[in-house]
Amino acid sequence: MRHLVTLDDLSNFEIEQIFRLAAGMQSQQETWAGICRGKLLATLFYEPSTRTRLSFESAMERLNGRTLGFSDPRATSTAKGETLADTARMVTNYADLIVVRHNWAGSARVIAQHAHVPVINGGDGSHTHPTQALADLYTIMRRKSQIQGLTVGICGDLQFGRAAHSFSLAVARFGGNLIHIAPKPLQMPPWVLAQLEQCHGQKPLEVESVIEVIDRLDVIYVNRLQEERLPANMDAATVRGSYLLNAAVMKNAKPDAMIMHPLPRVNELAYELDDDPRAAYFEQSANAVPVRMALIASLMGLEQLILTQPPERDIAASAKLCENPNCVTNHETYLTPERETFDATVELHACAYCGNLVS
Ligand code: NCD
């Protein structure tokens, strides 16, 4: 049984297989309709969502499977104090596949540990959002054929944006050259930078304004300020409105650059760009459906993909509590914090749940 908790659960080969399948599903939907007949997908959404939940439901229904779930946890036993582990044990009897979105980093991993069906992370706090990264990579590959050699700028709230974390790591894995663009308080967290450097050999250029680098970018990926995730000691007013991609900025961009955004947008991506042929963000949200169709079919083993085992990762229990207050191990008391070693040679140790670096 396979889960998708972070993108590390899939090899590059498997990701490319999923993309081939997604392309086939996109162009020949009738061929694939029916392969999930009789199967149930549970959508456990503890946090607001439009695209992720609806595109997963659309994907399952297009394969003639069915969905059940919730989008308001206040109407579930969570409101009575049920743990994630117990919820997972329950739902595993009701569905063949689970998608979960939760505000704690590492929550999807906990569900995967306690479920007997494949679990997909639909976003865990400000940690990762692997299926968004799959839709993002797929969109680039369709427009540009490959990621290798492209210069990819990621601009906005890189500190708290889970889509930005997964996207950055995914681009590095496929050989893109990264530039991180963010005002100081919103720069990429150390755990992402450490993985980029030690697992993918990249030390991205970090700048504070998109204007400095716009003419070099093949892809410019913007995200919104994650206001709901800002810590209490950070004054949102100091960073609100601190970055914007608009037509004036895009005047200096390459004529074949791609403008990307995981959406929703608030005030960082001007509406005037919607008609710019370089805008790819609605394509990204549309591509999420075939990519999620292919992922569902692959994790359920329905399309006979040859999935290899995920890369070996050394996971050791450690008594030390995770220092990330939003880590699931600091909320669900039955969990033992675990340390994950990505690369024994360089000694990169991180919390296995939320990725926070451990010394
Ligand atoms: C993203 C998310 O939820 O992290 N949205 C999405 O799934 N497309 C980005 C965001 O909320 O800013």
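Proline 264 sits in the loop between β9 (258-260) and α10, where helices (H or I, at least four residues) and strands (E, at least two) are DSSP runs numbered from the N terminus. The peptide bond that leads from leucine 263 into proline 264 is cis, with omega near 5°. The model is a predicted one, in which local features need pLDDT of at least 70 and side-chain atom pairs count only at pLDDT 80 or more, while totals for chains, interfaces and linings use all residues. Residues are numbered from 1 along each chain as its sequence is written, and side-chain values use heavy atoms, with hydrogens and water left out.

**Backbone geometry**

- Leucine 263, which lies in the loop between β9 and α10, has a positive phi near 60° although it is a residue other than glycine, and at 13% relative accessibility it counts as buried (buried means under 20% relative accessible area, exposed over 50%, partly exposed in between, with a 1.4 Å probe and protein chains only).
- Asparagine 64, in the loop between α3 (51-62) and β2 (66-70), also is not a glycine and has a positive phi of about 65°; asparagine 64 is partly exposed, with a relative accessible area of 29%.
- Most residues other than glycine have a negative phi, and most peptide bonds are trans.

**Ligand surroundings**

- An N or O atom in the side chain of arginine 224 is 2.8 Å from an oxygen atom of the ligand, a polar side-chain atom of arginine 101 lies 3.0 Å from a ligand oxygen atom, and a polar side-chain atom of glutamine 132 lies 3.1 Å from a ligand nitrogen atom.
- The ligand taken alone exposes 310 Å², of which the protein buries 94% (accessible areas come from the Shrake-Rupley method with a 1.4 Å probe; for residues, only the protein chains shown count as cover).

- The largest cavity has a volume of about 50 Å³, the volume being the space filled by probe spheres set on grid points that are joined across faces, edges and corners.
- Among the residues lining the largest cavity are Arg51, Gln132 and Pro262, and the largest share of the lining, four residues, comes from α10.

Conventions: On a 1 Å grid over the protein atoms alone, a cavity is a set of points where a 1.4 Å probe fits but cannot get out, and a pocket is an open set with protein on both sides within 12 Å along at least five of seven lines; lining residues have an atom within 4 Å of a point. A polar contact is a pair of N or O atoms within 3.5 Å; within protein, one must be able to donate a hydrogen and the other to accept it, and residues adjacent in sequence count only if both atoms are side-chain atoms.
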